[in-house]
Amino acid sequence: MIYSKIAGTGRYLPERILTNADLEKMVDTSDEWIRTRTGIEQRHIADEEQMTSDLCVKAAQNAMDSAGVAADDIDMIFVGTTSPDLIFPNIATIIQHKMGIPACACYAVEAACSGFVYALSAADKFVRTGDAKCVLVIGAEIITKLIDWDDRSTCVLFGDGAGAVVLKPSGEPGILSTHLGADGQYQQLLYYPVGVSNNLAAAGVGDSRIMMSGNDVFKVAVKTLTAVAQEALDANDVDLDELDWLVPHQANLRIIQATAKRLKLPMEKVIQTVQIHGNTSAASIPLAFDVAVRDGRIKRGQLVLFDAFGGGFTWGAVLLRY
Ligand code: COA
């Protein structure tokens, strides 16, 4: 049996940090409100000239170094993002060119904050079937370019970054199963109103901002993150106490805490980076994973569950033996 296994991880965060104190000077908010409602203390913000592909290249190189693979070894690229450099060509082709990766299939996956988990799930299938031998899977966003910096209800939440993994075939268990879902009836609760076939040309810059019903998103997020995590555990007959780490989407500390509580999982087993990264959308899970791998918490052989939720709504879980 061929499994796909994570051979290396990497991340990149833009240098510029925006603290809650900085935001206090920009909108009518307070460090205390942001911390108590979201847990967020700071977030990284890309420079004006930085492209999402630039963040990806740095995270990908970091992951390739840790996996001990070179550009020539990569035979497929998946990128989960909602903030690509251009509408086309797709961001994976841009990354391929910037990194000198030989001709290969390049996928861009748009599933909002679930983008990385969607990408990883698809990449896993290519590796398991033998169609790919060394896949770069990236979750990345410069989501702050979609922010209205006058809208205090959303501008305090988000940050930029990129996380990456290298996926290779292995005879040893790696990714055990992936579970994806979506329900388009929830579009109006979280969306970005400007697209190609609706009003790209008509929209002025000021018309475009992330639209979100925070309270409603919160409730569906907790319910869905719990359900899909449980689905992944049940599908593999894994008891909760066998799970070493939950790496959930980092949107809001209260969502993470409520999900862990519903799952009856102690917070000591939950990787948390929302405090220092904010909500980086598709980048949040690979960023959090890389942080915990590199600081030694997540070790080889441990059982890890990725748990994602985002606009659409989309969701997904991946249970893996690291
Ligand atoms: N600073 C200070 N006050 C703020 C604020 C800010 N940055 N943003 C909103 N408020 C105010 C509101 O105007 C409201 O004031 P009012 O009572 O006078 O009308 C009050 O705070 C409460 O707003 P509410 O939206 O009910 O707060 P909340 O407890 O639901 O927290 C979120 C708001 C956005 C933090 C929370 O709903 C949330 O995190 N939702 C999920 C969002 C998310 O994760 N999205 C991405 C999913 S992938």
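Helices (H or I, at least four residues) and strands (E, at least two) are DSSP runs, numbered from the N terminus. This is a predicted model, in which local features need pLDDT of at least 70, side-chain atom pairs count only at pLDDT 80 or more, and totals for chains, interfaces and linings use all residues. Residues are numbered from 1 along each chain as its sequence is written, and side-chain values use heavy atoms, with hydrogens and water left out.

Start with the loop between β4 and α4 (91-99), and select Pro89, which is found there. A cis peptide bond joins Phe88 to Pro89, with omega at about 0 degrees.

Next, select Phe313, in the loop between β12 and β13 (314-321). Here too there is a cis peptide bond, between Gly312 and Phe313, with omega at about -10 degrees.

Then go to Lys264, in the loop between α8 and α9 (274-277). Lys264 is not a glycine, yet its phi is positive, at about 65 degrees.

A polar side-chain atom of Thr29 is 2.7 Å from a nitrogen atom of the ligand. For Gly214, a backbone N or O atom lies 2.9 Å from a ligand nitrogen atom. Asn215 places a polar side-chain atom 3.0 Å from an oxygen atom of the ligand. Of the 960 Å² that the ligand exposes when taken alone, the protein buries 73% (accessible areas come from the Shrake-Rupley method with a 1.4 Å probe).

Last, select Phe78 and Phe126. Their ring centres are 6.0 Å apart and their planes are at 45 degrees, so the pair is tilted (rings of Phe, Tyr and Trp, its six-membered ring, pair if their centres lie within 6.5 Å; planes under 30 degrees apart count as stacked, over 60 as edge-to-face and the rest as tilted). Phe78 is in strand β4 (residues 76-80) and Phe126 in helix α5 (residues 115-128), 48 residues apart.

Key: Polar contact = N/O pair within 3.5 Å; in protein donor to acceptor, adjacent residues only side chain to side chain.
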